[in-house]
Amino acid sequence: MSSGDIVLISDSAGVRDIYSADGSGTIDTKTPLSVWVNKGTASASEVLAGALKDNGRGVVVGQSTFGKGLIQTVVDLSDGSGLAITVAKYQTPAGVDINRVGITPDIRLPPDQLANNGPAVCEQLAGPNAPRVFG
């Protein structure tokens with residue numbers, strides 16, 4: 001899929017901003033794609049995983065993500081401290097609120113089957129016991 005919604009942002013009044021891909025870019029839409037996630041996957045990376053999943057563009061593999069779906073702004077106070085205020089929330093293209101829930105993977109893997117650093121991930125994916133993600 002070369003076009004579609006990427007993320008919905010809704011404020012407390014339910015007003016939504018919809019950010020979409022228009023299909024005019026040169027992004028490869030044919031090569032199989034998987035995105036690997038775990039409980040440390042949060043915020044913008046959850047938006048990406050949710051967009052790929054909801055649009056049928058990629059397979060999400062791993063564990064449920066963190067669930068950081070809030071957009072906050074910091075207001076500076078006169079004493080030098082700050083106050084974080086939630087101003088909106090992220091939703092996937094299907095309208096799923098990810099806050100405190102996260103993105104559920106298409107293929108679940110237990111924590112002991114998920115490598116957690118670059119070289120280990122490459123070794124895991126190249127190994128004979130790599131999870132079968134694509135047909």
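**Notes on the predicted model**

1. Let's begin with Q63, which is buried, with a relative accessible area of 16%; the cut-off for buried is under 20%. Q63 sits in the loop between strand 4 and strand 5. Leaving out residues up to four places away in sequence, Q63 touches V37, N38, K39, I103, P105, L109, P110, P111 and L114. Please keep in mind that this is a predicted model.

2. Now for the overall layout. The chain has 2 helices and 7 strands, and from the N terminus on the elements run β-β-β-α-β-β-β-β-α. The C-alpha atoms fill a box of roughly 60 × 35 × 25 Å, taken along the principal axes. Of the 135 residues, 27% count as buried. The accessible surface comes to about 8,400 Å², and 54% of this belongs to carbon and sulfur atoms. Among contacts with a separation of 6 or more, residues 24 or more positions apart account for 63%.

3. Helix 1 deserves a careful look. This helix spans residues 44–54, and within it E46, V47, A49, G50, A51 and L52 are buried. What do the buried residues of helix 1 pack against? Their partners are strand 1 (4–10), strand 3 (34–37), strand 4 (59–62) and strand 6 (82–91). After helix 1 comes G56, which has a positive phi, near 70°.

4. The largest nonpolar core has 13 residues, and the members that touch the most other members are I9, V35, A49, V60 and Y90. Strand 1, strand 3, helix 1 and strand 6 each supply at least two residues of this core. Helix 1 gives the most, with 3 residues.

5. Y90 is found in strand 6 and is buried, with a relative accessible area of 18%. Not counting residues up to four places away in sequence, Y90 touches V7, L8, I9, S43, V47, K68, G69, L70, I71, V96, D97 and I98. For a sense of distance, Y90 and S2 are 88 residues apart in sequence and 22 Å apart in space, C-alpha to C-alpha. As for V35, its contacts, leaving aside neighbours within four places in sequence, are A49, L52, V59, V60 and V61. There is also a second, separate core of 5 residues, which includes V61, L109, L114 and V133.

6. An open sheet of 3 strands has the order 3-4-7, with parallel pairing. Which strands stand at the edges? They are strand 3 and strand 7 (107–108), each with a single partner strand, so one side of each has no neighbour in the sheet. Strand 4 and strand 7 run parallel and are joined by 2 bridges. V61 has I107 as its bridge partner in strand 7.

7. The structure holds 2 salt bridges. One is formed by K53 and D106, whose closest N and O atoms are 3.9 Å apart. K53 lies in helix 1 and D106 in the loop between strand 6 and strand 7, so this pair ties together parts that are 53 residues apart in sequence. K53 is partly exposed, with a relative accessible area of 26%, and D106 is also partly exposed, at 42% relative accessibility.

8. In the other salt bridge, the side chains of K89 and D97 meet at 3.2 Å, N to O. K89 counts as partly exposed at 28% relative accessibility, and D97 is partly exposed with a relative accessible area of 28%. D97 is also among the residues that Y90 touches.

9. Finally, the surface. V75, L77, L83, I85 and V87 form a nonpolar patch there, with about 360 Å² of accessible area together. The largest share of the patch, 3 residues, comes from strand 6.

Note on methods: Residues numbered from 1 in each chain as written. Predicted model: local features only at pLDDT ≥ 70, side-chain atom pairs only at ≥ 80, totals over all residues. Heavy atoms only, no water. Buried < 20%, exposed > 50% of the residue type's maximum accessible area, 1.4 Å probe, protein only. Helix = DSSP H or I, 4+ residues; strand = E, 2+ residues; numbered from the N terminus. Contact = heavy atoms within 4.5 Å. Core = buried A, V, L, I, M, F, W, Y, C linked by side-chain atoms within 4.5 Å. Pairing = 2+ DSSP bridges. Patch = residues over 30% accessible without salt bridge, like charges linked within 9 Å, V, L, I, M, F, W, Y side chains within 5 Å. Areas by Shrake-Rupley, 256 points an atom, 1.4 Å probe, with all protein chains shown as cover. Salt bridge = Lys/Arg side-chain N within 4 Å of Asp/Glu carboxyl O.
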